[in-house]
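Here is a short briefing on one protein structure. Keep the sequence and the 3D view side by side as you read.

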Amino acid sequence: MKKYAWIITIILVLILGLGFGWIYWQNHAYGAWGDDSPGYLYLAGRLLQGEPLVYQDELVQKGIEHFGDERLARWLTPTHHEIISPDGWLSSIYPVGLSYIMYWTATITGNDLSIYSVVPVLAALNLILIFLICQLLFKALKIKKWGWAFGLLAAITVGFSSLYYDYAISQPMREIPSLFFILLSVYLFLLAFYQFESGFHKIRLSSGGGGRSDVRFQLALIILSILCLGFSLNIRHTGVAFLPAYLVLFGLFWDKQKTRKINTMQISRLLLVFAILMIIPLGLTIKNSVDISANKEAFKKKDTSGSVVVSNIDHVTSLSPLNIFESRGKFKTENGGLKHYWDIMNNRMSWIPYFMILVIIGIIFIWRKNKFLSAFLALWVLGFLALFSMWINPYSRYMIVAFPALAILGSFGLYWVLSVLIPSLFKSKRISYLVGALAVLSILVIYVPAYSEVKENIELEVLKNKAISQNDLLTLIEIGDSINQEHAGSTAPAGSTVLPLKGQDSLPPILMFSGRWQYGLSETMETHTGLKTVRTPMEQEKFVFDNDQVREFMDKLMDEGYTIYFWQDSGTQAVTNDFLNKNYNLNEYGSYQFDLVDEVKIYELTPKD
């Protein structure tokens with residue numbers, strides 16, 4: 001079996017990658033209408049259009065000056081963007097890492113729509129890495145048999161988790177991409193300790209002869225591991241909760257044959273290198289923070305400084321130990337974040353009954369063999385559980401990042417049950433083999449309905465949360481490109497600071513979205529077409545607008561040479577229709593069919609005589 005282990009590994013990697021990859025790829029979403037995903041798409045669009053991520057928006061500046069309150073100008077800003085100065089400077093409140101990955105993907109492939117392949121592809125690669133990590137841990141703990149089988153179980157456990165495949169095919173979000181770089185970091189670090197011939201061992205910092213090449217290779221793997229971990233923080237800043245677990249891995253360098261002083265000095269040097277190397281991949285986040293700080297002014301009540309550490313630093317203020325047991329945030333979870341996430345791990349992590357018991361057994365089993373690896377896997381889960389439980393708004397998807405560690409621990413727990421517990425209960429080998437075979441068979445039977453549910457959910461498209469179809473995306477692009485071409489020859493007013501459409505000198509037209517779908521569809525359209533989009537002010541629930549003030553603002557824009565188009569669908573509120581019909585001529589520009597909403601009509605607004 002050992003002779004053909006690498007062949008089995010390759011076959012299983014292909015099965016996992018191609019099998020789950022095909023499922024995710026065939027069913028993944030295009031674009032999104034929610035408020036989270038379009039924020040990442042919008043930044044990717046600006047990168048594709050060669051525009052800065054922190055920028056001054058003339059419309060926003062005009063809005064602040066006209067309404068006298070930056071809050072009343074927010075309908076002019078993209079979702080998840082913040083007005084950082086009274087001069088109309090904007091910045092995203094979310095990390096920029098995922099947007100850069102989508103931008104690089106589109107640049108390499110030469111196809112803007114390829115940005116929607118990032119999440120499903122990385123979701124499949126994650127499962128491969130989970131398999132490889134689990135298999136590597138079996139070898140590291142000197143368990144010679146069946147590592148591939150339990151690695152496969154760990155990968156399938158995550159792959160069939162309803163929460164995981166939900167976000168593998170749904171709107172582009174940051175959980176799965178950030179998890180990819182964490183898993184890659186872990187695999188590279190553990191691989192640095194593993195040699196196919198000599199087994200699991202420590203790096204020899206002072207070796208001579210032929211050992212030197214091994215040392216260099218191992219150090220190169222660790223350096224790559226640190227860089228991958230650092231890049232994951234560009235995608236999701238809360239990845240800092242993984243740092244305690246990762247730092248525990250450095251304990252693997254402890255050599256019992258050396259003195260405490262030598263070990264301490266060696267690990268301290270490595271930790272210093274770790275701290276320095278982490279800065280390199282964080283360059284994207286650092287640059288974004290510097291750009292924000294250079295243009296930010298403390299002009300709002302909540303502002304305490306013009307300097308910014310990270311773009312979403314305001315979220316840190318919502319952390320509180322009180323949220324662990326009783327959250328009073330958006331969802332008002334009376335039982336607190338801890339119970340919410342425990343239910344997620346218990347009910348949406350695995351189809352195997354009492355899986356969390358296997359996780360606990362796995363922690364104890366690994367602890368007896370290698371305390372550092374046990375602590376690493378346990379802290380991987382506990383770090384994120386502690387952080388997210390203190391968050392004011394517990395989102396289920398946040399715990400996806402802990403699923404691999406849970407699956408691996410559960411696989412080790414099951415291994416102990418099959419290899420230790422059952423043989424100890426049944427002295428007869430024949431009976432113990434029979435009981436073990438029945439246990440394995442029961443797990444296979446359990447995953448039959450799991451597969452059926454996944455297949456049914458995908459076919460019914462019940463998992464594409466806040467997502468739109470490819471046809472809808474192409475229709476959005478058609479509308480945006482058509483309006484852009486309509487105004488390709490117009491001239492921008494003298495002194496205008498509004499960025500023209502790429503390849504022309506014209507002042508860009510504006511499309512004002514209304515209805516339920518305005519949050520996100522507008523950014524998705526702007527991502528792919530560059531058409532300036534805004535939302536209807538009367539439908540912004542948080543703020544009350546004076547209709548006369550809104551009309552004066554829109555009239556002023558038209559007088560300056562802006563052309564305003566209006567998106568109307570079945571969700572457009574009566575107050576919006578009444579306002580526009582009273583003050584403007586609605587000249588129908590086109591009628592369009594979408595899967596997500598009834599017939600959409602685009603109107604060009606012109607002042608009534």
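Strand 8 (residues 510-513) and strand 9 run parallel and pair over 4 bridges. Two strands pair if DSSP finds at least two bridges between them. This is a predicted model: local features need pLDDT of at least 70, side-chain atom pairs count only at pLDDT 80 or more, and totals for chains, interfaces and linings use all residues. Residues are numbered from 1 along each chain as its sequence is written, and side-chain values use heavy atoms, with hydrogens and water left out.

**Strands and crossover**

- Helices (H or I, at least four residues) and strands (E, at least two) are DSSP runs, numbered from the N terminus.
- M512 has V534 in strand 9 as its bridge partner.
- From strand 8 the chain passes through helix 19 (residues 518-529) to strand 9, a right-handed β-α-β crossover. Right-handed means that, with the strands pointing away from the viewer, the path from the first strand over the helix to the second runs clockwise.
- Strand 9 (residues 532-535) is covered on both faces: K532 and V534 are buried on one side, T533 and R535 on the other. Buried means under 20% relative accessible area, exposed over 50%, partly exposed in between (1.4 Å probe, protein chains only).

**Aromatic pairs**

- The structure holds 36 aromatic pairs. Rings of Phe, Tyr and Trp (its six-membered ring) pair if their centres lie within 6.5 Å; planes under 30 degrees apart count as stacked, over 60 as edge-to-face and the rest as tilted.
- F242 and W380 are edge-to-face, because their ring centres are 5.3 Å apart and their planes stand at 75°.
- This pair links distant parts of the chain, 138 residues apart: F242 is in the loop between helix 9 (211-235) and helix 10 (243-248), and W380 is in helix 15 (residues 371-389).
- Both F242 and W380 are buried.
- F513 and W567 are stacked, at 4.6 Å centre to centre and 25° between the planes.
- F513 belongs to strand 8 and W567 to strand 10 (residues 564-568), so this pair ties together parts 54 residues apart in sequence.
- F513 is buried at 0% relative accessible area, and W567 is buried at 0% too.
- One aromatic cluster is formed by F189, F242, Y246, F250, F274, F376 and W380.

**Charges over rings**

- A charge sits over a ring if NZ of Lys or CZ of Arg is within 6 Å of the ring centre and within 35 degrees of the ring normal.
- R236 lies over the face of Y398, 4.4 Å from the ring centre.
- R516 has its charged end over the ring of W517, 5.0 Å from the centre.
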